[in-house]
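Trainee: I have this one open and have never looked at it before. Can you walk me through it?

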Amino acid sequence: MDCKVIKQLELRTKSKQISLGVLESGHVCLLYFGDRLAEKTELSYVIRDIQRASYLSDTDGERDFRLEQLPIWYPAFGNPDLREPAFQIEYENGSRISDFRFYKANYRNQKSKIPGLPSTFSEKAVTTLEIILKDALTENRLHFFLSAFEEYDMFTQSIQIVNDSRETIKMTKATSLSLDLLDDRFEMLTLVGAWGREMQLRRTRLQQGFQGVDSKRGASGHGQNPFIALVRPETDDYQGEVIAANLVYSGNFIAEAIVDMHQNTRLQMGLHSFDFQWDLAPKESFYTPEIVFTHTNQGVNKMTQLFQHFYLDCLINPNFTKKARPVLLNNWEATYFNFNRQKLLALGREATKLGIELFVLDDGWFGERNSIETSIGDWQPNEKKLGSNLQLLIQEFLDIGLDFGLWIEPEMVSPKSQLFTEHPEWIIQVENRKPQLSRTQYVLDLSQPAVQDFIIQTIKKILSENRIRYLKWDMNRNITDSGSTYLVGHQKELGHRYILGLYRILSEITTAFPDVLIESCAGGGGRFDPGMLAYTPQIWISDDTDAVQRLSIQQGAALIYPNVCIGCHVSAVPNHQVGRMTSLHTRGVVAFQGNLGYELDLTTLEETEKQQIAQQIEHYKRNRQLLQFGKYSRVNTFDENATAWMKEDEQHLWVSYVSVLAKPNTVPKRLKLPLLVPEQRYMDEQGNDYSGTELMTIGLPIPQVKEDFIATEWRLSKSN
Ligand code: GLA
């Protein structure tokens, strides 16, 4: 087999390394991805020793030189690897065969933005390896921008496809990452679910063939997150190998692990090729979304910490990286559409007494909106319902001592609206077919610059005329009838152009109003991804506010996304989605896992409940820095009915434990904590003093089950 490596390209972080080998033939292979090796470790033997298999094609007339057996970086289809390609281009003569070979590579100590797409950044050391491949027949180029974030042990990649030929080419597939791993002894982690039960962690053994998650919904979706990880069967939260990837994108995607005939695994992720085609004219470029990926041998919890740390520092709006987030009251589950000025202000007055800092006016404040039947798109305040214009109402909230936030759903339009009457051509639709409704609304065609401009102007007007500190940006349906009156002859570009349009809008608004905190929402967690997080530092994770259901939803989201980015509200009982009764204490402990808010009618509560909420909020505020920005770890309870986690900063350790099943006749047990410094001393609020070793091997006492079930939290101070 002719696998002569003529050049080894390396990219390192403080403890990780990717090594690529350029073969004499010009093909590029992945030689190594893992712990950092000694400088100049020569790795060509990794592929030289691969044994020859039968019934595979030779390459370049060399007998036994078989690309299909090699760990190819960004494989093409059929030339001659017949496994899943990382990309595909269709040429004018109908050919779908490309042949990109190494042209050159360079290193830079910086990372550029990706035109039109969100991407990570860093103030600290970043090295970017740019590798350029060229197709000798067409002159087309592939540029790989592979960046290593030294201190964070994280890598990113985005690919630029340059059409240097004289013809328009059709991109039909363009993933952001293709990692060929030389065995299949893996299990796959994904986050799956549905509306109301998002982000459920799934772990399955790999088998020969395809497995993974995807979205064809026009949004990343409630049912699957653009995340995939491969772990060893023996990997747990605190030890073992993990390779994980997350796509900085909010639309259709695919993440898959494909095991070939020879027990190799190809991990791929990027834009979905389903219903996708992009025409690239001569001299034009196409950029794939950025992918973030990492490797650890220290278990899944370490992966969590790597992603959370990286996203806080290197993805979200720097104005909010360490800024304490306000405790809010949202009126949705308190009133739904049924409110007036008196009701809103009554809620506001109660809220301020309890220590709440921001009031969010949810759906129903505009047009004739008193149900889901009408008015989306007509963003003029309903002054009759609000009792005045918006400015005066906001002033009353400010006088009460509350900042003000507003709900908006800018990507949509109701059939019964002035906007739709004036611009029926602005919706996503197929010529001569009546478009389908969902939640009685249509989706605006964000590929149209006129639609983008309308949304930008509308939101800029609202934000410049009113003292709004917070915007809840909702999106309550997926895209059906995928078609555009604007993209004539380019219909298959709509999915991606919609997302590019959305990013342009979000970018203009966040640039003009960098201090407005935007919480994105898509009927809960229907678009919870790094693409949205780049613009909106908070995301409402689920419309299911039941404390028990929230445990797995929030724990799933925190698998990669920072806790402070996850919207968590205390709501009423019986819970509006599942009818469950839980104690106020339990609801508080669970909501403290993320960004605390309240979403219930405070005016109907008993005095004792109000006192309890006031204490909860005071407690949260006193520990806000730790709870919102502390280093997060999952704590193994060895009990499927109990969930526990902890947050840690320089001075404190916070531990939360929730058991959801009361059992009779039990004896007290203890909760052993992971990952502490053995000799560090920790003191709880009762003055009990423990060493790290004691907490890890003996643990904290779990109180016995009372009432419905038990939720406990401990705050421990560190001393020497
Ligand atoms: C979506 C959101 C809710 C609420 C409603 C308003 O369902 O997820 O929180 O804002 O819309 O219509």
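Predicted model: local features only at pLDDT ≥ 70, side-chain atom pairs only at ≥ 80, totals over all residues.

Trainee: Fine. Which domains does the chain have?

Mentor: The domain assignment gives domain 1 (5-314), domain 2 (319-629) and domain 3 (633-719).

Trainee: How far apart are the centres of domain 2 and domain 3?

Mentor: Their C-alpha centres lie 34 Å apart. In terms of contact, 20 residues of domain 2 meet 19 residues of domain 3.

Trainee: How much area do domain 2 and domain 3 bury between them?

Mentor: About 1800 Å², with 64% of it on carbon and sulfur atoms. There are zero salt bridges between domain 2 and domain 3, but five residue pairs are in polar contact.

Trainee: Which elements are on the domain 2 side?

Mentor: Those giving two or more residues to the side that touches domain 3 are helix H11 (547-557), helix H12 (584-591) and helix H14 (624-629). H12 gives the most, with four residues.

Trainee: And how do the residues on that side divide by type?

Mentor: The side of domain 2 that touches domain 3 has ten nonpolar residues, ten polar and no charged.

Trainee: Back to H12. Is that helix mostly covered or mostly open?

Mentor: Mostly covered, as seven of the eight residues in H12 are buried. Among them are Leu-584, Arg-587 and Val-590.

Trainee: New topic. Where is Ser-250?

Mentor: Ser-250 is in the loop between strand E14 (242-247) and strand E15 (253-259).

Trainee: Why does Ser-250 count as buried?

Mentor: Because its relative accessibility is 0%, and the cut-off for buried is under 20%.

Trainee: What does the side chain of Ser-250 join up with?

Mentor: The side chain of Asp-529, through a polar contact of 2.8 Å. The Ser-250 side chain also reaches the backbone nitrogen of Met-532 at 3.5 Å. Leaving out residues up to four places away in sequence, Ser-250 touches several others, including Gly-218, Ile-499 and Tyr-503.

Trainee: And Asp-639, where is that?

Mentor: Asp-639 is in the loop between strand E30 (631-635) and strand E31 (642-648).

Trainee: What does the Asp-639 side chain reach?

Mentor: The backbone nitrogen of Asn-641, at 2.8 Å.

Trainee: How far is Asp-639 from Ser-659?

Mentor: They are 20 residues apart in sequence and 8.6 Å apart in space, C-alpha to C-alpha.

Notes:
Residues numbered from 1 in each chain as written. Heavy atoms only, no water. Domains from an automatic or database assignment. Contact = heavy atoms within 4.5 Å. Buried area = accessible area lost by both parts, 1.4 Å probe. Salt bridge = Lys/Arg side-chain N within 4 Å of Asp/Glu carboxyl O. Polar contact = N/O pair within 3.5 Å; in protein donor to acceptor, adjacent residues only side chain to side chain. Nonpolar A, V, L, I, M, F, W, Y, C, P; charged D, E, K, R; others polar. Buried < 20%, exposed > 50% of the residue type's maximum accessible area, 1.4 Å probe, protein only.
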